[in-house]
Amino acid sequence: MGVKGLQQFVDCCCPEARVTVNLREMARQHAAQTTDHTTSPTLIVDGMACLRHWYSCKDWVCGGQWREYMDALKSWVESFTSAGIRLVFFFDGVVEEKKRREWVKRRRRVNGEVCKVFRHIKAHGEQPGGNLFVLPSGLATFTPFALRSLGQEVFSTVQEADYEIARYACRHGSMGILGQDTDFLIYDSAPYLSVANLRIESLTTIQYDRQRVCRAIGLSVTQLPLLACLLGNDVVSEERMQHIRNNAMATYREMHPAPLSGAPRGQMVLAVSQLVSSLWGREEEESRLIPQSLNLSDPDRELLERGVRSYLLPEQEAFQRDDSFPSAFEKYVSPEILKACREKHVAAEGFMVYNVVCEGVVECSNSLEDEEDNELLPQALVYKSCRQHIYSLLLLHRRDGSIVEPPAIREWFVYPGNPLKEPDLVHPVPVSLPCHQPSLDLLWFGTGPDISTLRLVSFFSIFDCQEFSELYGAMEDSLLAALCLVTYIALQVPALSLEDVDAYLSQAVCLRLKSPQELQQIKLPVLSSRAVQLGSLYVRGLSHLLGANSASGCPLPSAALLPWHSFDGRLFHSKYLLSHSGAEDTVLLDSDSSCLSLFLHLREKLTEACRRRSRVLQSRPSPEARYRDRHTGWSSGGGESWREMTGGHRSGGGWRERGESRQDQGGYENQERMWERGGHRGRGMRGGQHFHPQSYPYCNDGGLQSTNPPPKQSRGRSYRSRGRYQLAPRWSQPPGPGT
């Protein structure tokens, strides 16, 4: 985001506007100047701009080092709070339609970078260098939850994020805005502080001084919005005002025939500034947003006025921005639901629900997906079914029990093959429940054990895993969520193999017992492009769990659905390589008997659910897992490298070490019987049929399945005893960013 070329101009051509500041000293001075001594000096943080700087973990391509990331966030926050600085974080909650074109342009650009990442992995078997860095999938989704868990104040926006940040900072007299967006130079708000130049050890950074920039280019602060729009921003595209800039540049060169060489963009900023300065002068022009002397067509003038208005804050009373929040589907839900949706969205407590109910549009940015892999489905298609169920839960039933037919939800999801020229129109599909689908008011605001059960069943029905509601309370919530997610993936992705399922489940079980330091020490002898995509697929699935949980009235605590409780990219990758090499279950579970028992129990439940829906999982070891690195001499046949990878001990041999052939190991019947008994490794029965991608039908049986009580399992260190069900969450009113 920001103004085209303005950052480069200030950095290269306007050094006097770059002021080094010490944030500790700045906070002390701010506190001394304010009359309100009840709160600490407040720094407003543009969360989206900080993601790249917060995620400093060495590994990023495998799906995210979430425990390590949490530690880094905690340390970053403590650096400010220990200096007496209060932090308020803002994250983008919507993409305004006027900025959709720019959003699409960025997504296409990142798609090209993702392609290069996968080509590098397949060519070299390793993570590419920093020049191809791509943020782990879901980082923007889960970071607000992470900061809230650290006790921080977090807001998700309902309008353009830059505008809400500038408005909040202005209203609350904040000491500054920490971000990396030249729009904060244009807003007449708090000082703009650079996160790119932040030195966290000393709490020093660069302040871009608005007044000094104005003096350098000969404009007033009130003329900056027009300059920004003529140069090009997210509202007014650079191409739209090209003819204006060409004329300005021609005039500028006539007046400055020998400009400084090597700074064409700087000359453009000066040329347009000169034009803007020349437009005003007569009294009648002073009150106009766009002077009449600027010769424009009616559509261009209208667009330019809209762009200029986007920079005007409510405190600047000459022009008011419409801050009303009409709902796209307000006739389908009650006013109480609308209010609750907005409250939880603004407080960064929910996911997806507000966008569906109040906007009628959902978007998802780039994921680490290989567009050259025709076997694995893109995450947008994998999770389409559960999104349709979420939409139905939110929109299909009124309080009086009548059924309505809302229009389709507009989905802007980035995936291979989608040109993003227009949204996909996705219609709600009813969930299969043992009773009539309840109204959203009952599901969200009802009380009592029956409603608690209904919430739980509704949540699992979204993923066609109704029977798992019977497991609630018998295992940790995070493991139950992982079981639900992996089962859903197995039902939706025909190419998912036994080895993939084992990798998913074993890493979820083992993660509970590993510290961030242990996770960082895992060594990966080679990277698999397929494992990279599977890791990203899982993390995107966790965000859908959050959306389903919000739609169902929060039967599970949100914390149980967050990645640092059930996923680590490096750990998953190591389990994937182990599983696809034919390693024993004991090796896969780090020779921990309690982990092994829990893993077998989860696998049994998954297999039962798949069998009921006629889904037969097959063994299909990936060729990538047998890759031999010509530099390290590593091969997937086992040995010391595996002990280094996982910190465990190898007991027994895999199918390769036993001298067995996959073709000699039996077919569907034997394989399925072995999985019914909960095991397959070490018994020569890992399956033998080659997998042929096909569609597997799975049925909605319309109700809960009767399951035997699960055996008592080791609950791990983080297990906390509690009742079987919980009541609906309280929908308390959070302090909104506009207050």
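Started with Ser614, which lies in the loop between helix 27 and helix 28 (640–646). Helices here are DSSP runs of H or I with at least four residues, strands are E runs of at least two, and both are numbered from the N terminus. Ground rules: residues are numbered from 1 along each chain as its sequence is written, and side-chain values use heavy atoms, with hydrogens and water left out. The model is predicted, so local features need pLDDT of at least 70 and side-chain atom pairs count only at pLDDT 80 or more, while totals for chains, interfaces and linings use all residues.

I looked up the phi of Ser614: positive, about 60°, although Ser614 is not a glycine. Most residues other than glycine have a negative phi. Ser614 counts as partly exposed at 47% relative accessibility (buried is under 20% relative accessible area, exposed over 50%, partly exposed in between; 1.4 Å probe, protein chains only).

Next, Asp590, in the loop between helix 26 (585–588) and helix 27 (593–612). Asp590 also isn't a glycine, and its phi is positive at about 60°. Buried or exposed, I wondered about Asp590? Asp590 is buried, with 18% relative accessible area.

Last, the helix pair. The axes of helix 21 (residues 477–492) and helix 22 (residues 498–511) come within 10 Å and cross at roughly 170°. That makes helix 21 roughly antiparallel to helix 22 (angles over 145 degrees; axes are lines fitted to C-alpha atoms over the stretch in contact, with angles from 0 to 180 degrees between N-to-C directions). Contact (heavy atoms within 4.5 Å) involves residues including Leu479 and Ile489 of helix 21 and Tyr504 and Val509 of helix 22.

Technical notes:
Angles under 35 degrees count as roughly parallel, over 145 as roughly antiparallel, 65 to 115 as roughly perpendicular and the rest as oblique.
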